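Dear colleague,

I am passing on the structure below, and my notes on what was found in it follow. Please read them with the coordinates open beside you.

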Amino acid sequence: MDMAAPLSRKRIIFLVRLTVILTTVYFMLFPPSGGQGLQTWGYLFIVFYLLTNLVVAYIPDRYFYDDRIFYGFILCDSILLPAGIYLSGYVGSDLYLMFFFIISLTTMSSHFGYLIINTFFFSFLYAWLLYQRGLLTGPHATGYWIQIPFILVIAMFYGYLVTTRLQDKDKKINEVRAYYEQIVRGTDVFMCIVDREGKIIFANPKIINFYGYQNKDDLVGLELSQLYSEDETEAEKTLRQVKSVFERNETSRHESFDKKHGIWFAHTLSPIRDAATKDVSAVCIISKDITDRIEKENKLNNTIELLIKTRDQLMQQDKMAALGRMASGIAHEIRNPLEIIYMGLDYLENNIPDDQVQIREAIDKMYHAANRADNIIKNILSFSRKSEWKIVQLPICKLLKNTLELARQSLQKKNVAARLECADESLEVAADYNMLEHLFLNLFENAADAMADREERILTIRAYKKRITEIGYKTGYRYTDFFKIGDDMVVVEVSDTGKGIPKDVLPKIFEPFFTTKPVNEGTGLGLSIAHMIIERLSGTIDVASQENVGTTFFVKLQPEMKFITKQEE
Amino acid sequence: MPTDIKVLVIDDEFDFCYFVKTNLMQSGPFDVLIATTGTEGIELARTERPDIILLDLFMPEMPGEDVADALKEYPETADIPILFVTALASNDDLSLNQEGKIGNNYIMPKPIRTKKLIQTIMKILDRT
């Protein structure tokens, strides 16, 4: 036996048995003096033994580390060999077989204690056998006497070598195993090993405790989906990942949320490969609790979102402030000349004879023109003045009622019937009262004008809360959107039964100074100011119209103040 | 004429002053003096002692408020009522009360027509 080569238990058994076979064959062919060659029984025995050894060669190594199998073999051999020897009737050279037999037996000792016992026991057994056969007292007695201590020493020596090698190897294996077990046990991560179907082969104590089991045997054999009992999608996701690792033979990573425990996990799935074939035989799932990190990430994202929102709003405010300043400046620059025009017209009026009708008419027209100019300034100024905006939480239905009341006379004059439908009187929006009033007054008047030549003149106003489900203008998932999917908004519908807005005109209606009315009748600023007011309030306005049927404006407003930052003075 | 109401107009816009003078003097018993800077106006006010001063708020050389403060300093002008005239405001956003005042000050937003101007002047003077 080559002592330098690694000794596995299987190899030991195999080689010993091989030695027995070869020795027996040798004695069959060259029987020593005083002995007969092996009889037929002997041949049969060798053949049988050879066959069993071939079987041994194909049994995987690891079985021999099962003590039952290992010592079982030894036991069988212990019975078979003497039986064979006895049956073969061969007396002389069986002693050589015994020699090797004893050595092999002693090398099976897993323990020094057993080694010593075995060595002495079998040496004495051998001595007794010799004595029984009268060899110790016969002609070659000295030779046989020497054999006894010789066998003792040899057996002890080989036994010692083999045992220490085995023990070393075992010790090393145990050390390594203990080392890894410590890691697995003490680790802060959740570790489990699953097979191709997602059945658990191994789970570390952390997982066992986490899912409320007592020991790992409860978990082994369970499917992953049974662990994630509350959450089918999570189980499916993980199972898919497992399968993918099996197929691609690569580590994969993913994150998941455990609803039951409220914890975020980062999973790393690594393939465990068979040492020989390099195929994936199992997947090791290591999961780490990353709830902290996710929470921090979310907080960070929220902060970024808030910062961007705030920055945008500040930019907007800045723009508005600049506009405001500009508007003030422009207003002043225009009003002074307007004043001179007025005073000039006053002078002309005073100094023109009454009968100059045409000249008076001309002066009249000039006044109207100057008035129109002043009105435009008034409109722009009233909107752009920062100090006027007081954004509060106000009851929208009340506001609409009041505004309708303000418009009542004008509506009655135009024979318009108005209807207000408010589902919930307590419905609130975040806005500036005056601006909203201005806005809705404008919409009501527009509606009334649109129905001027119609038979049916009904103005319908509806106010209700709506959950946002669709993406639209400034409505969606982005940081800059006013309305987020899933949030609520308050919708005010202003519907008329008027002549409607043609499709090609529809995109322009919010443009400043755009109007379809005759020159004297409107500034064309109403809707553009309405649009600006609504944007200022972080709302949106939509319009739907059908020619000859009517038009509906959808004013969408923020129900709560949290979205609109308060205007600083 | 001695019973004429003496009006001092202080405004950096000369044409405005011109028209106020022309229109007022054509429409009623008014004697109108003009100044196009605050300093000039204060001087005129001290020497001529007008019954009422029309004062523009937004003037490049000396803002209207400073002029008003200065006038308050001099005993001879301290009691003359001042009607602030300005293009910087409109009726709506100054929240003028019924009498066209903010606090103790009368304010007339531009643009105004002559008739309204005269009405306001009379109202102010009737009080005092």
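**Two loops of chain A**

Ser538(A) is buried, its relative accessible area being 4%, and its place is in the loop between H15 and strand E13 (540-546) of chain A. Please keep in mind throughout that this is a predicted model. The phi of Ser538(A) is near 55 degrees, which is a positive value in a residue other than glycine. Asn548(A), found in the loop between E13 and E14 of chain A, also has a positive phi, of about 70 degrees, although it is not a glycine. Asn548(A) has a relative accessibility of 55% and therefore counts as exposed, the cut-off for that being over 50%. As background, most residues other than glycine have a negative phi, and most peptide bonds are trans.

**The core and helix H14 of chain A**

The largest nonpolar core has 45 residues, and those with the most contacts inside it are Ile396(A), Leu436(A), Phe440(A) and Leu459(A). Several elements of chain A each supply at least two residues of this core, among them strand E6 (391-395), helix H13 (396-413), strand E9 (458-467) and helix H15 (526-536). The largest share, eight residues, comes from H14(A).

Helix H14 (residues 433-450) has 18 residues, which at 1.5 Å a residue should span 26 Å, and its end C-alpha atoms are 26 Å apart, in agreement with that expectation.

**A surface patch on chain A**

Tyr114(A), Ile117(A), Phe121(A), Leu125(A), Trp128(A) and Tyr131(A) make a nonpolar surface patch of about 690 Å². Of these, Trp128(A) has its place in helix H5 (residues 112-132) of chain A and is partly exposed, with a relative accessible area of 47%.

**Chain B**

Chain B has five helices and six strands, which follow the pattern β-α-β-α-β-α-α-β-β-β-α along the sequence, and 52% of its 128 residues count as buried. Asp12(B) lies in the loop between strand E1 (5-10) and helix H1 (14-27) of chain B, where it is partly exposed at a relative accessible area of 34%. The C-alpha atoms of Asp12(B) and Gly38(B) are separated by 8.5 Å, although these residues are 26 residues apart along the chain. Finally, Lys110(B) and Pro111(B) are joined by a cis peptide bond, with omega about 0 degrees, and Pro111(B) is found in the loop between strand E6 (105-109) and helix H5 (114-127) of chain B.

With best regards

Key:
Residues numbered from 1 in each chain as written. Chains lettered and ligands numbered in written order. Predicted model: local features only at pLDDT ≥ 70, side-chain atom pairs only at ≥ 80, totals over all residues. Heavy atoms only, no water. Helix = DSSP H or I, 4+ residues; strand = E, 2+ residues; numbered from the N terminus. Expected span 1.5 Å × (residues − 1). Patch = residues over 30% accessible without salt bridge, like charges linked within 9 Å, V, L, I, M, F, W, Y side chains within 5 Å. Areas by Shrake-Rupley, 256 points an atom, 1.4 Å probe, with all protein chains shown as cover. Salt bridge = Lys/Arg side-chain N within 4 Å of Asp/Glu carboxyl O. Buried < 20%, exposed > 50% of the residue type's maximum accessible area, 1.4 Å probe, protein only. Core = buried A, V, L, I, M, F, W, Y, C linked by side-chain atoms within 4.5 Å.
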